[in-house]
Amino acid sequence: MYKNALKEDLIRVVEDLDGTVESTDTIAKLKTKIENSSTFESDPDFVKTLIQNCIDERVSRNEREATLEKQKIELAKLQLAQLEKEIELQTAKNKALSLNPAAIAEEKQFETNIENMIKSIKTLSLPVPTRSENFNLFFQSLERAFLTKKINDEYKSEILINLLGERAHNVLLYIKKEELNDYEKLKSIVLREFQLTPRECLNSFKKNAVKSSGETYIQFAARLTANF
């Protein structure tokens with residue numbers, strides 16, 4: 001019954017059985033409290049199941065934490081590799097610029113243009129959503145902003161990653177080098193990462209398919225069309 005059980009598991013079981021746990025309780029004393037409980041006397045199989053559930057939850061929690069820690073390490077390695085590559089590229093760029101002073105002004109102008117593009121796209125598009133079912137509307141507004149500002153395909157991925165901010169970290173764990181500059185591939189990875197599913201879209205549509213008191217029927221129909 002107690003196979004693979006740790007002290008923390010037994011403490012949880014005693015608490016679930018409405019028992020009192022003292023800081024001085026040993027494993028043996030915790031087992032005694034469990035076996036002396038009224039629940040164990042009336043239904044020992046239930047208590048055995050409860051113990052096993054506590055063990056399984058702990059093991060599962062430890063596995064999730066280990067996986068998360070591994071992902072953090074992989075992300076740190078990726079960020080370090082990116083930083084090293086950026087330093088390498090910047091060193092080469094600085095060397096090239098030192099040989100061509102006219103290129104310095106051109107480089108600064110390019111950086112300014114990128115920053116301006118990001119700011120203008122951010123103004124024209126919806127904020128990055130917190131709920132996965134809203135990513136379709138986000139990408140619709142983003143691509144409409146791209147069209148309005150006539151953004152070249154080569155800049156779209158960089159702008160998207162910038163807009164995602166910290167939420168791009170998980171995406172960068174899985175993306176391949178050749179996909180980084182391909183907007184459509186990056187978009188599909190983002191949608192897959194945030195698990196946009198048809199059911200979530202349907203549930204969101206149903207939730208919002210109600211006319212509010214302040215809407216006209218034309219406004220209501222327009223909103224339904226956008227949500228659909």
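The model is predicted, so local features need pLDDT of at least 70 and side-chain atom pairs count only at pLDDT 80 or more, while totals for chains, interfaces and linings use all residues. Residues are numbered from 1 along each chain as its sequence is written, and side-chain values use heavy atoms, with hydrogens and water left out.

The protein has 11 helices and zero strands. Both element types are DSSP runs numbered from the N terminus: helices are H or I with at least four residues, strands E with at least two. Along the sequence the pattern reads α-α-α-α-α-α-α-α-α-α-α. Of the 228 residues, 26% count as buried. Buried means under 20% relative accessible area, exposed means over 50%, and partly exposed lies in between (1.4 Å probe, protein chains only). The accessible surface comes to about 15,900 Å². Carbon and sulfur atoms account for 54% of this surface. These areas come from the Shrake-Rupley method with a 1.4 Å probe; for residues, only the protein chains shown count as cover. A contact means heavy atoms within 4.5 Å. Among contacts with a separation of 6 or more, 54% link residues 24 or more positions apart.

The nonpolar cores come next. Such a core is a set of buried Ala, Val, Leu, Ile, Met, Phe, Trp, Tyr and Cys residues joined through side-chain atoms within 4.5 Å. The largest core holds 24 residues. Ile-121, Phe-139, Leu-142, Ile-159 and Leu-160 touch the most other members. At least two residues each are supplied by helix H5 (101-124), helix H6 (135-149), helix H7 (153-164), helix H8 (168-174) and helix H9 (183-193). H6 gives the largest share, six residues. In soluble globular proteins, nonpolar side chains tend to be buried together.

Phe-139 touches Leu-160, Tyr-183, Lys-187, Val-190 and Leu-191, not counting residues up to four places away in sequence. The structure holds two aromatic pairs. Rings of Phe, Tyr and Trp (its six-membered ring) pair if their centres lie within 6.5 Å; planes under 30 degrees apart count as stacked, over 60 as edge-to-face and the rest as tilted. The rings of Phe-138 and Phe-139 have centres 5.2 Å apart and planes at 65 degrees, so this pair is edge-to-face. Phe-138 and Phe-139 are both buried. The rings of Phe-146 and Tyr-183 have centres 5.6 Å apart and planes at 80 degrees, so this pair is edge-to-face. Phe-146 lies in helix H6 and Tyr-183 in helix H9, so the pair ties together parts 37 residues apart in sequence. Phe-146 and Tyr-183 are both buried.

In H9, Tyr-183, Leu-186, Lys-187, Ile-189 and Val-190 are buried. Seen down the axis of H9, its buried residues fall within an arc of 165 degrees, so they line one face of the helix. The arc is that of the directions from the helix axis to the C-beta atoms. At the start of H9, a side-chain oxygen of Asp-182 reaches to within 3.2 Å of the backbone nitrogen of Glu-184.

Val-13 lies in helix H1 (residues 7-16). Its relative accessible area is 1%, so Val-13 is buried. Leaving aside neighbours within four places in sequence, Val-13 is in contact with Ile-34, Leu-50, Ile-51 and Cys-54. Val-13 and Ile-34 are 21 residues apart in sequence and 7.4 Å apart in space, C-alpha to C-alpha.

The loop between H1 and H2 contains Asp-25. At 2% relative accessibility, Asp-25 counts as buried. A polar contact of 2.7 Å joins the side chains of Asp-25 and Lys-33. A polar contact is a pair of N or O atoms within 3.5 Å; within protein, one must be able to donate a hydrogen and the other to accept it, and residues adjacent in sequence count only if both atoms are side-chain atoms. Not counting residues up to four places away in sequence, Asp-25 touches Lys-7, Thr-20, Leu-30 and Lys-33.

Asp-18 is found in the loop between H1 and helix H2 (27-35). Its phi is near 65 degrees, a positive value in a residue other than glycine. Asp-18 is exposed, with a relative accessible area of 72%. Lys-150 is found in the loop between H6 and H7. Phi of Lys-150 is near 55 degrees, also a positive value. Lys-150 is exposed at a relative accessible area of 70%. Most residues other than glycine have a negative phi.
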